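Here are a few notes to read alongside the model.

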Amino acid sequence: MSEPINSTLDIHWLAMAGFYLLLLIPIFLFQRWQLGLNRTLINGVLRMTLQLSVVGIYLHTLFGLQSVAINMLWLTIMALMASYTICKRAEVNIKRVLPAVITGQCAALLVALPVMLIGVIQVNPWWQAQYMIPIAGMLLGNSLMANVLALSRWGSLLKDNHPEYQYYLSLGAPDPALPFIQTAVKAALTPQLAAMTTLGIVSLPGMMTGQILGGAAPLVAVKYQLVIMVAIFISGVISVATTLSIVRRVTFNAYGEVQ
């Protein structure tokens with residue numbers, strides 16, 4: 001049965017503000033240990049509260065409009081921001097790498113998102129913001145981390161092991177960059193594989209927990225979590241593979257030398 005167990009219990013603003021007072025504990029400890037982290041903590045909490053409040057208001061408006069054009073525009077902005085963030089965090093040449101990252105992010109969304117919305121969840125219409133935006137956010141967020149790891153590892157490998165690449169190149173290896181690609185892909189996907197193997201034993205995932213707190217039946221929440229975990233992994237593989245495939249083409253010249 002997929003009927004909700006009960007309705008969501010709202011959180012009173014005063015109760016929420018009172019809960020924030022517990023932050024005085026880490027502030028006291030940071031001060032006592034002279035860690036110098038209090039300013040960072042306060043700044044982080046204030047930014048998190050402001051950003052999520054603005055997003056909450058925006059999404060409430062977006063869900064009410066239910067416009068396919070606005071939803072697609074927001075989805076495009078999300079993909080572009082994720083791609084730019086990947087390049088910044090990976091510290092790569094943005095002009096050269098950004099098109100590859102955008103292509104990778106779009107390829108992952110085009111494969112995983114429609115299958116989830118139309119084929120699995122069967123949302124009608126498929127572009128409903130309530131489903132499309134949160135799911136796309138989860139896919140992009142996890143692909144972001146995978147791509148940062150892949151590009152960072154790719155760059156450091158080429159820099160630190162350039163003589164090894166030159167050695168493969170001098171031997172006439174058909175694909176001298178393949179060992180570096182393999183290492184970068186493993187570095188990007190290993191955290192997701194590790195997370196899947198410990199899910200439900202070491203930790204309960206946020207989406208599943210949120211749905212149960214929101215009143216959904218546990219089995220329904222588990223099905224959603226399983227589907228989203230598979231979609232996250234598939235989108236991560238597609239985005240990393242697409243990005244690295246394009247990046248390797250712009251990294252080397254016609255003679256196999258690093259540009």
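**Helix packing and pockets**

1. Helix H4 (residues 68–90) packs with H6 at an angle of about 15 degrees, their axes 9 Å apart. That makes the pair roughly parallel, a word used for angles under 35 degrees. H4 passes H6 in a right-handed crossing. By class, their contact has 17 nonpolar, six polar and one charged residues.

2. A word on the source: this is a predicted model, where local features need pLDDT of at least 70, side-chain atom pairs count only at pLDDT 80 or more, and totals for chains, interfaces and linings use all residues. Residues are numbered from 1 along each chain as its sequence is written, and side-chain values use heavy atoms, leaving out hydrogens and water.

3. Helices H3 (38–65), H6 (129–160) and H9 (206–213) each supply at least two lining residues. The lining of the largest pocket has ten nonpolar, three polar and no charged residues.

4. Which residues line the second largest pocket? Among them are Trp13, Tyr20, Met48 and Asp10. The second largest pocket has a volume of about 410 Å³. H3 gives the largest share of its lining, five residues. By class, that lining has seven nonpolar, four polar and one charged residues.

Notes:
Helices (H or I, at least four residues) and strands (E, at least two) are DSSP runs, numbered from the N terminus. Ala, Val, Leu, Ile, Met, Phe, Trp, Tyr, Cys and Pro count as nonpolar, Asp, Glu, Lys and Arg as charged, and the others, Gly among them, as polar. On a 1 Å grid over the protein atoms alone, a cavity is a set of points where a 1.4 Å probe fits but cannot get out, and a pocket is an open set with protein on both sides within 12 Å along at least five of seven lines; lining residues have an atom within 4 Å of a point. Grid points are joined across faces, edges and corners, and a volume is the space filled by probe spheres set on the points. Axes are lines fitted to C-alpha atoms, for helices over the stretch in contact, and angles run from 0 to 180 degrees between N-to-C directions. Angles under 35 degrees count as roughly parallel, over 145 as roughly antiparallel, 65 to 115 as roughly perpendicular and the rest as oblique. A crossing is left-handed if the near helix is turned anticlockwise from the far one by less than a right angle, and right-handed if clockwise.
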